[in-house]
Amino acid sequence: MIGFSDLLLLRHRPGDQSFADIMQIKQNANRAANLVRQLLAFSRQQTLQPRRLNVTDIIAELAHLLRRLIGETIELRITHGRDLGDVKADQGQLEQVIINLAVNARDAMDQGGVLEIITSNVIVDTTYKVKGEEIPPGDYVLVKVQDSGHGIPTEIMDRIFDPFFSTKEVGAGTGLGLSTVYGIVKQSGGFVFVDSTADEGTVFSLLLPHYREEVGEIEVIAADVPQAQDLTGRGNILLVEDEDAVRSFSARALENKGYNVFEANSGEAALEILQQDDVTVDLVVTDVVMPRMDGPTLVKKLYETHPDVKVIFISGYTEDSFRKSLDVNSAIEFLPKPFSLKQLASKVKEVLAAK
């Protein structure tokens, strides 16, 4: 939906009678995509871009937004721990965790109250269990989000992280807020605990492991540079995607940018195309999850006859979920779904331009 909306927007500019309608379709599609991301977050399968982060900086930058979210009747108190260790997480997702917990706290204090966010370093010397979770030894950053609200009833405490479970009125929420928090924290290698007392408040405790630079690891933080406006290019691209709609949009988008596109609806069909004598391919863009022959299997077979071909995987699941199934140590690129026309064209041009 997002992709075909982009194609329509190429023909209907601002001021056109259909422009507003197309933008509404695209906005609704993006809302649906965000809902899917929340579901993937709960299942710990969403695409993250983790990097080294300072929790103090993240919370300080969020403070102004949080004050607006919780309203004037709730006091926000933030206590930063000294010499707080860094963590490795996706910044946008970590911010979403804090925001979700703040909004939940606000809803629990309809008569006003106090929301506190407290951070500190925690050292775990030996493995121990907390509420069924086994915490391994190590250094952690503890983030406490506590409120003075009405608390969580004991009978529903075991269900608060379940997807779609909500105590709010119909239409007041999706029931994915806390399940998203749980999924993001767990996928980041951390732990989340909750303590609550009726009429006294609730405390959510996030335990995130300190960032440790591995041997040979070099951290690269991409600079915010303007993307090239010219997204046209040349070359032969093999597009492998079993969903007709996604394949159709992607092929049209790339052809509009000047590329010659060979389409395949399966891994087997892709190999048949590559076996043709008159076909040369500069880049393979393939889905990861496909029936019979998945993307990683296709690439393994592909490298047997075309070891130098460039590859872009497209998927709504995590990059790690397919990289571990590849035996080859190759520089395969990744484009998370859903993607826009501009994101697809930018990635393709970037990969083809790389030496």
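How many bridges join strand S7 to strand S9, and do they run parallel or antiparallel? Select residues 138-147 for S7 and 201-209 for S9: seven bridges join them, and the strands run antiparallel. Strands here are DSSP runs of E with at least two residues, helices are runs of H or I with at least four, and both are numbered from the N terminus. Two strands count as paired if DSSP finds at least two bridges between them.

Before moving on: this is a predicted model, in which local features need pLDDT of at least 70 and side-chain atom pairs count only at pLDDT 80 or more, while totals for chains, interfaces and linings use all residues. Residues are numbered from 1 along each chain as its sequence is written, and side-chain values use heavy atoms, with hydrogens and water left out.

Select Asp90, in the loop between strand S3 (87-89) and helix H4 (91-107). Asp90 is buried but has no salt bridge; Arg51, the nearest side chain of opposite charge, is 7.8 Å away. Buried means under 20% relative accessible area, exposed over 50%, and partly exposed in between, using a 1.4 Å probe and protein chains only. A salt bridge puts a side-chain nitrogen of Lys or Arg within 4 Å of a carboxyl oxygen of Asp or Glu. What the side chain of Asp90 does reach is the backbone nitrogen of Gln93, at 3.0 Å.

**Salt bridges**

The whole structure has ten salt bridges. Show Arg52 and Asp86, whose side chains meet at 2.9 Å, N to O. Arg52 sits in strand S1 (residues 51-53) and Asp86 in the loop between S2 and S3, 34 residues apart.

Now jump to Lys186 and Glu133, with their closest N and O atoms 3.2 Å apart. This pair ties helix H5 (residues 177-187) to strand S6 (residues 133-135), across 53 residues. Lys186 is buried at 18% relative accessible area, and Glu133 is buried at 17%.

**Last stop: S12**

Colour residues 283-287. Five of the five residues of strand S12 are buried, so the rest of the structure largely encloses S12. In a regular strand, side chains alternate between the two faces of the sheet. Here Leu283, Val285 and Asp287 point one way, and Val284 and Thr286 the other.

Which strands pair with S12? Strand S10 (residues 236-240) pairs with S12 in the parallel sense over four bridges, with Leu239 partnered by Val285. Strand S13 (residues 310-315) also runs parallel to S12, joined by five bridges, and there Leu283 stands opposite Lys310.

Conventions:
Lys, Arg positive; Asp, Glu negative; His and termini not counted. Polar contact = N/O pair within 3.5 Å; in protein donor to acceptor, adjacent residues only side chain to side chain.
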